[in-house]
Amino acid sequence: MSNRAVHIGIIASILPHLFCCVLPIVLSVVGLFAPEFAHAHLMPEWLEPWLFVFSAGMLGLSWVLVVRECHCACDHCRGDHSHHTSKIILAIVTILFIASVLLHVVVHH
């Protein structure tokens, strides 16, 4: 049973990463080289806002998990540490996400 739980855990951790990080990067790269193809075949226009909503949800969940009070026994949680590196990386990702949303709004409206 624990082996199955590990497999489910791996899939559960990979799926949000694919939608939040990999898919937008692939769409951006394809959009740079073949914008008509990317817009017509890869990402329908009605789906674009939902991708941003899903990404915002994943980003919000990430902030909740990083900022919450942690009582685990990892090296980062012992003593005065508070997952500082994770917060910095998440802040950079948040800035990139906000820039992406603003760019989308400016270009499409």
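**Helix α3 against helix α4**

Let's start with the pair. Helix α3, residues 48-67, and helix α4, residues 84-108, have axes that come within 11 Å and cross at roughly 160°. Angles over 145 degrees count as roughly antiparallel, so α3 is roughly antiparallel to α4. The crossing of α3 past α4 is left-handed. Keep in mind that this is a predicted model.

Now the contact itself. Which residues of α3 and α4 make it? On α3, they are E48, F52, S55, A56, L59, S62, W63 and V66. On α4, they are S86, K87, L90, A91, V93, T94, F97, S100, V101, H104 and H108. Sort the contact of α3 with α4 by class, and you get 10 nonpolar, seven polar and two charged residues.

Next, α4 on its own. Which of its residues are buried? They are L90, T94, F97 and H104. The cover over these buried residues includes α3. And L90, T94, F97 and H104 are also on the list of α4 residues in the contact with α3.

A quick check on the length of α4. It has 25 residues, and at 1.5 Å a residue they should span 36 Å. The end C-alpha atoms of α4 are 36 Å apart, so the two agree.

Last, the whole chain. The protein chain has four helices and zero strands. From the N terminus on, the order is α-α-α-α. Of the 109 residues in the protein chain, 13% are buried. Now take contacts between residues at least 6 apart in sequence: 55% of them join residues at least 24 apart.

Terms used: Residues numbered from 1 in each chain as written. Predicted model: local features only at pLDDT ≥ 70, side-chain atom pairs only at ≥ 80, totals over all residues. Heavy atoms only, no water. Axes fitted to C-alpha atoms, helices over the stretch in contact; angles between N-to-C directions. Helix = DSSP H or I, 4+ residues; strand = E, 2+ residues; numbered from the N terminus. Parallel < 35°, antiparallel > 145°, perpendicular 65-115°, else oblique. Left-handed = near helix turned anticlockwise from the far one by under 90°. Contact = heavy atoms within 4.5 Å. Nonpolar A, V, L, I, M, F, W, Y, C, P; charged D, E, K, R; others polar. Expected span 1.5 Å × (residues − 1). Buried < 20%, exposed > 50% of the residue type's maximum accessible area, 1.4 Å probe, protein only.
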